[in-house]
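Subject: Structure handover

Hi,

Here is the structure I promised to pass on. Please open it and keep it beside you while you read my notes below.

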Amino acid sequence: MLQRISLHLGRTPAQPEGSSRDGYEITAPLDAEGRLVAQEWQGSRDKCRVRRFRPGEPDRHGWLLHRAGGEGGANWGIDYDDASSEDDEFGYKLDRHRFQLGEYVSIREQDGDFLPYRVVTIRPVGASAAADAS
């Protein structure tokens, strides 16, 4: 089932408290344990979207990627421009990490640095934001 996952920047030297104004909203298929599901992604690629938000910058919109290769045999990332792979961002071991509230995932930014992001909400696509409060 497709889930909408919200990530906020965790603590970094530049942001010692983290930031709810810097993050991602990802629509992706998760299994019962919170892991990304490649087979379901293949059937709903066009719905697996990403929004990147950061203070002082316009939002960036892209697609969730699943590519062969990488340490675990495949890797997950974000593609902002079909015509170029120079703007792609990739997660660290997202094929194994679980998206669960309060847990962290790392995303490699375009400059090559990995930044930590905390999972702040997960809800089924189509559920209202009010469902997060429960």
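Strands E7 (residues 104-108) and E8 run antiparallel and are joined by five bridges. For one place to look, find Tyr104, which stands opposite Arg118 in E8. The two strands form a hairpin, with five residues between them. Gly112 sits in that turn and has a positive phi of about 95°. Keep in mind that this is a predicted model.

E8 (residues 114-124) also pairs with strand E1 (residues 2-9). Seven bridges join them, and they run antiparallel. Which residue in E8 is the bridge partner of Leu7? It is Val119.

Now the overall picture. The protein has one helix and eight strands. Along the sequence, the pattern is β-β-α-β-β-β-β-β-β. The protein has 134 residues, and buried residues make up 38% of them. Take the contacts between residues at least 6 apart in sequence: 44% of these join residues at least 24 apart. The protein exposes about 7600 Å². Carbon and sulfur atoms supply 46% of that area.

Start with Arg52. It is found in strand E3 (residues 49-53). Is Arg52 buried or exposed? Its relative accessible area is 4%. The cut-off for buried is under 20%, so Arg52 counts as buried. Its side chain makes a polar contact with the side chain of Tyr24, at 3.1 Å. Arg52 also touches several residues beyond four places away in sequence. Among them are Asp22, Gly23, Asp59, Glu89 and Glu109. Tyr24, Arg60, Tyr80 and Tyr117 are on that list too.

Then go to Arg11. You will find it in the loop between E1 and strand E2 (19-29). Which residues does Arg11 contact, leaving aside its neighbours within four places in sequence? They are Pro16, Glu17, Gly18 and Pro116.

One more pair to find on screen is Arg11 and Tyr117. They are 106 residues apart in sequence. In space, they are 8.4 Å apart, C-alpha to C-alpha. Tyr117 is also one of the residues that Arg52 touches.

Then cross from E8 to E1. After that, go on to the loop that holds Arg11.

Best wishes

Notes. Residues numbered from 1 in each chain as written. Predicted model: local features only at pLDDT ≥ 70, side-chain atom pairs only at ≥ 80, totals over all residues. Heavy atoms only, no water. Helix = DSSP H or I, 4+ residues; strand = E, 2+ residues; numbered from the N terminus. Buried < 20%, exposed > 50% of the residue type's maximum accessible area, 1.4 Å probe, protein only. Polar contact = N/O pair within 3.5 Å; in protein donor to acceptor, adjacent residues only side chain to side chain. Contact = heavy atoms within 4.5 Å. Pairing = 2+ DSSP bridges. Areas by Shrake-Rupley, 256 points an atom, 1.4 Å probe, with all protein chains shown as cover.
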